[in-house]
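Reader: I have a new structure open and would like to learn how to read it. Could you walk me through some of its features?

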Amino acid sequence: MLTNNKNVLNWVDEMVALTKPDKVVWIDGSDEQMEALKAEAVSTGEMEVLNAEKLPGCYLHRTLPNDVARVEGRTFICSRKEEDCGPTNNWWDPKEAYATLSKLYDGVMKGRTMYVIPYSMGPIGSKFSKVGVEVTDSIYVVMNMDIMTRMGAKAFENLGDESNDFVRGLHSKADIDENNRYICHFPEDNTIWSINSAYGGNVLLGKKCFALRIASYQGKNEGWMAEHMLILGIENPEGEVRYICAAFPSACGKTNLAMLIPPEIYRKKGYKVWCVGDDIAWLRIGEDGRLWAINPENGFFGVAPGTNEKSNPNALASTRKNTIFTNVAHNLSDNTVWWEGLDKNPPANAIDWMGNKWDYTDGSKGAHPNSRFTAPAENCPCISKEFNSPNGVPISAIVFGGRRAKTAPLVYQSFDWNHGVFVGSIMASETTAAASGAVGVVRRDPMAMLPFCGYHMGDYFKHWIEMGKKLGDKAPKIFNVNWFRTDDEGHFIWPGFGDNMRVLMWILERCEGKADAVKTQIGYQPKAEDINVEGLDIDVETVKGLLNVDKELWTEETEGIGEFYKKFGDRLPEELKDELAELKIRLK
Ligand code: GTP
Ligand code: SPV
Ligand code: MN
């Protein structure tokens with residue numbers, strides 16, 4: 001036992017009584033303990049050790065084919081009142097949920113070991129950080145949590161002996177039975193119960209379950225925000241760094257933007273980009289009245305396919321040691337890993353993500369589209385020196401964005417904070433392989449938080465508006481971007497990736513009052529000439545096309561927004577109703 005905290009000890013006792021493990025192991029986070037666990041996972045086949053020279057400290061893991069992504073349909077917010085869960089979440093009465101799940105958990109760890117994982121979301125010692133304890137029967141979870149969080153005895157330093165302020169996470173892989181898979185959140189009890197999955201966001205309970213769903217609820221009550229946002233810093237040649245947060249839905253480019261390599265035109269002038277976080281931001285108003293962000297995580301759970309030396313060299317470099325690969329292809333010729341888009345040489349002698357001998361010539365995929373790497377943040381060549389800073393970094397701009405083939409232009413700026421909240425609330429994006437279900441279907445995904453908001457989304461919008469009131473003229477400016485507009489043949493028009501910095505530069509200039517803008521129906525936009533395309537195969541006319549606002553499409557869009565807004569009934573803030581009405585007038 002690593003703590004004298006009675007609340008923790010009593011809760012763990014309760015979980016042991018429920019799940020009845022043969023053995024209970026407290027995870028102190030020491031190297032010896034982790035090495036022993038890794039050796040055990042290798043001996044059972046749960047993990048495979050990769051090439052010690054090319055990929056030192058790296059492991060490969062495959063989940064079952066029925067368990068490869070988040071399952072939104074089986075994810076529940078169990079608030080006491082249904083109305084507090086809201087129309088965009090699945091609600092389950094907590095009494096019923098606890099009762100039903102208790103039957104599934106009863107004795108589920110017989111013959112297994114329970115690992116008790118203390119962890120901190122946020123740097124140890126930061127007053128913004130929060131403690132969680134996850135109990136699990138999976139060594140894969142322990143190994144991932146070791147990378148993704150500050151894990152082990154040190155996490156209890158933040159809690160002390162008396163506090164009851166920790167998030168209780170119970171996970172069992174059980175039989176990985178998809179028909180009895182549940183990811184349940186009890187925001188009023190600081191509790192998460194997850195069963196019958198062994199994959200990523202369903203089981204690494206510090207991530208989406210705590211740092212977004214539970215934390216968003218805590219943030220509403222405590223006056224801060226938990227958001228599905230990357231955090232990056234752009235350093236100018238004078239050495240000043242400005243920070244940007246950006247919210248894009250799952251598999252829409254956060255990791256890529258967070259670690260971008262500046263185009264040559266900026267590199268040679270001395271610009272640098274620093275990564276603070278690639279998925280989650282906790283935002284608070286600092287003593288100076290500005291908005292400050294910390295990344296509560298300690299690693300990256302990134303999408304593997306498409307990651308390569310050209311698209312994201314920093315992410316690739318992050319995965320060259322002490323990394324876990326999940327559901328990628330296994331190259332047997334040198335015991336390394338491969339995924340679609342890594343290079344143009346798929347291995348001839350390989351095992352695919354399902355564990356079968358793989359012949360790439362038949363057109364099948366070696367890696368699952370949602371295969372992932374779990375890499376320590378400290379491996380990242382462009383990790384910010386503020387990464388462990390207890391106060392985080394001050395935010396100049398908030399950027400929303402999605403995957404839209406047409407409607408949304410390359411970039412626009414909101415008129416003010418409330419209009420920015422409107423811009424975030426009307427986000428829509430094509431679905432991706434990060435969640436189970438159809439891919440490529442456009443759906444509304446406000447602030448990229450549709451699957452992650454732990455309470456009523458109407459109240460969430462209201463909370464955003466309240467935060468803007470408190471920030472006043474110190475509020476970050478709000479923007480929207482879309483890297484995914486396509487031409488008539490379906491090809492992306494904008495080069496994306498590192499070249500996205502060209503758009504971020506306009507955004508920062510706007511924040512500093514240095515760049516001009518054109519007022520359009522949907523917001524402020526750059527003049528085409530103000531997006532620097534030097535060194536690109538793109539002319540001003542193409543940029544004009546990328547910035548174009550199609551009145552007809554946008555008029556249709558307002559109908560869709562109206563329909564979506566209806567769901568929220570009287571919990572939709574008046575401010576947003578007004579914004580929609582004004583947009584309609586501007587489009588007339
Ligand atoms: P989650 O980890 O699921 O939250 O995803 P993410 O938002 O971090 O997305 P990520 O950066 O991993 O990108 C997902 C996919 O989008 C990858 O296949 C990338 O290659 C692709 N992608 C990222 N940025 C761009 C871009 O600027 N343009 C284009 N065309 N594709 C991009
Ligand atoms: C996402 O889907 O947004 C992810 C991956 O970052 S998971 O942790 O599985 O949610
Ligand atoms: Mn994500």
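Predicted model: local features only at pLDDT ≥ 70, side-chain atom pairs only at ≥ 80, totals over all residues.

Reader: Happy to start with sheets. What holds the strands of a sheet together?

Author: Strands of a sheet pair through backbone hydrogen bonds, and the pairing can be parallel or antiparallel. Here is a case to trace on your screen: five strands form an open sheet in the order 2-3-19-24-18, and the pairing is mixed. At its edges stand strand 2 (48–49) and strand 18 (299–303), each with a single partner strand, so one side of each is left without a neighbour in the sheet.

Reader: In which sense do strand 18 and strand 24 pair, parallel or antiparallel?

Author: Antiparallel, over five bridges, with strand 24 covering residues 372–376. To find one of the bridges, look for Gly-299, whose partner in strand 24 is Pro-376.

Reader: Which strands does helix 4 lie across?

Author: Helix 4 (residues 139–148) lies across strand 3 (59–61), strand 18, strand 19 (324–326) and strand 24. Its direction makes an angle of about 115° with strand 18.

Reader: Next, side chains. How should I think about the two faces of a strand?

Author: In a regular strand, side chains alternate between the two faces of the sheet. Strand 10 shows this well: Tyr-182, Cys-184 and Phe-186 point one way, while Ile-183 and His-185 point the other way.

Reader: Are those residues of strand 10 buried or exposed?

Author: All are buried. With five of the five residues of strand 10 (residues 182–186) buried, the strand is largely enclosed by the rest of the structure.

Reader: Which strands pair with strand 10?

Author: Strand 4 (residues 75–77) runs parallel to strand 10 and is joined to it by three bridges; in that pair, Ile-77 has His-185 as its bridge partner. Strand 11 (residues 191–195) pairs with strand 10 in the antiparallel sense, over five bridges. Two places to check in this second pair are Tyr-182, whose bridge partner in strand 11 is Ile-195, and Phe-186, which stands opposite Thr-191.

Reader: How many residues lie between strand 10 and strand 11 in their hairpin?

Author: Four, and one residue in the turn, Asn-190, has a positive phi of about 55°.

Reader: And which residues of strand 11 lie on each side?

Author: Thr-191, Trp-193 and Ile-195 are on one side, with Ile-192 and Ser-194 on the other; all are buried, so both faces of strand 11 are covered. Strand 9 (residues 166–172) also pairs with strand 11, in the parallel sense and over five bridges. In that pair, His-171 has Ser-194 as its bridge partner.

Reader: What about a helix? How many residues of helix 12 are buried?

Author: Nine of its 11 residues, so to speak a mostly covered helix, spanning residues 501–511. Among the buried residues are Met-501, Trp-506 and Arg-510. After helix 12 comes Gly-513, with a positive phi near 70°.

Reader: Now for empty space. How does one find it?

Author: Rolling a probe the size of a water molecule over the atoms shows where empty space is left. Let us take a pocket and then the cavities.

Reader: Which residues lie nearest the centre of the second largest pocket?

Author: Asp-146, Ile-147, Asn-322, Pro-376 and Glu-378, out of 23 lining residues. The volume of this pocket is about 570 Å³. Helix 2 (31–44) gives the largest share of the lining, four residues. By class, the lining has 10 nonpolar, six polar and seven charged residues.

Reader: How many cavities of 30 Å³ or more are there?

Author: Two, from a search of the whole structure. The largest cavity has a volume of about 130 Å³. It is lined by 16 residues, with Arg-404, Ala-408, Met-427, Ala-428 and Asn-480 closest to its centre. Strand 29 (477–481) and helix 14 (551–566) each supply at least two residues of that lining.

Reader: And what lines the second largest cavity?

Author: Its lining includes Tyr-412, His-419, Trp-554 and Arg-586, and its volume is about 30 Å³. Helix 10 (417–425) gives the most to this lining, three residues. By class, the lining divides into seven nonpolar, one polar and one charged residue.

Notes
Residues numbered from 1 in each chain as written. Chains lettered and ligands numbered in written order. Heavy atoms only, no water. Pairing = 2+ DSSP bridges. Contact = heavy atoms within 4.5 Å. Axes fitted to C-alpha atoms, helices over the stretch in contact; angles between N-to-C directions. Buried < 20%, exposed > 50% of the residue type's maximum accessible area, 1.4 Å probe, protein only. 1 Å grid on protein atoms, 1.4 Å probe; cavity = no way out; pocket = protein on both sides within 12 Å on 5 of 7 lines; lining within 4 Å. Points joined across faces, edges and corners; volume = space filled by probe spheres on them. Nonpolar A, V, L, I, M, F, W, Y, C, P; charged D, E, K, R; others polar.
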